[in-house]
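User: Hi! Could you walk me through this model once it's on screen?

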Amino acid sequence: MTKKPLLWAFVLSSLAGTAMHFAYNVLPIPLVGLLAPVSESVWEHLKLLYWPFLVASALMARRKADPLRWWSGALAALLLQPLVLTGLYYLLKTGFGVESLWVDITLYYAVMALGFFTAYRLERTGRAMPFVGLLIVLAAVYGVSLMAFSLAAPSLPIFTAP
């Protein structure tokens with residue numbers, strides 16, 4: 001695979017995620033709220049990674065000779081992204097006292113890029129292939145959790161708007 005489609009997928013997914021940030025404010029209906037952030041909590045912002053990356057991965061898989069190999073890497077990356085984003089966000093915020101919109105935006109784009117790079121590398125090496133079944137289940141559970149906790153968020157800091 002050439003890297004050009006991957007770059008386009010990254011750019012378009014990132015822009016879609018950026019637009020999604022404002023979707024619920026523009027169209028405050030429950031269906032939009034399941035896919036786009038309904039508050040400024042860290043948890044709600046994870047939707048900006050999940051849905052655009054998932055859609056881009058599905059479109060990329062259609063172009064692959066071995067779609068399952070692509071999916072194994074893409075789903076591993078999809079599950080890695082929220083861990084990296086939340087880990088770095090809280091490290092910067094609580095560990096170093098950094099609170100800046102520009103840092104948050106840069107972090108979003110960097111993690112999205114990391115996701116596509118990881119998917120690409122894992123597709124090439126095939127290292128995630130043995131786990132593709134588990135990755136499918138975990139990615140589905142994560143997606144359902146993103147929607148479910150929008151409807152009934154626990155009283156934990158990650159679900160609370162700053």
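This is a predicted model: local features need pLDDT of at least 70, side-chain atom pairs count only at pLDDT 80 or more; totals for chains, interfaces and linings use all residues.

User: How many residues of helix 5 are buried?
Analyst: Eleven of its 15, with buried meaning under 20% relative accessible area (1.4 Å probe, protein chains only). Among them are Leu 48, Trp 51, Phe 53 and Met 60. Helices here are DSSP runs (H or I, at least four residues), numbered from the N terminus.

User: What covers those buried residues?
Analyst: The cover includes helix 1 (3–20), helix 6 (67–96) and helix 8 (132–151).

User: At what angle do the axes of helix 1 and helix 5 cross?
Analyst: At roughly 145 degrees, and the axes come within 9 Å. Axes are lines fitted to C-alpha atoms over the stretch in contact, with angles from 0 to 180 degrees between N-to-C directions. Residues making the contact (heavy atoms within 4.5 Å) include Ala 9 and Ser 13 of helix 1 and Trp 51 and Ala 56 of helix 5.

User: Switching topic: why does Thr 86 count as buried?
Analyst: Because its relative accessibility is 16%. Thr 86 lies in helix 6.

User: And what is Thr 86 in contact with, leaving aside neighbours within four places in sequence?
Analyst: Val 42, Leu 46 and Ile 158.

Terms used
Residues are numbered from 1 along each chain as its sequence is written. Side-chain values use heavy atoms; hydrogens and water are left out. Buried means under 20% relative accessible area, exposed over 50%, partly exposed in between (1.4 Å probe, protein chains only). Helices (H or I, at least four residues) and strands (E, at least two) are DSSP runs, numbered from the N terminus.
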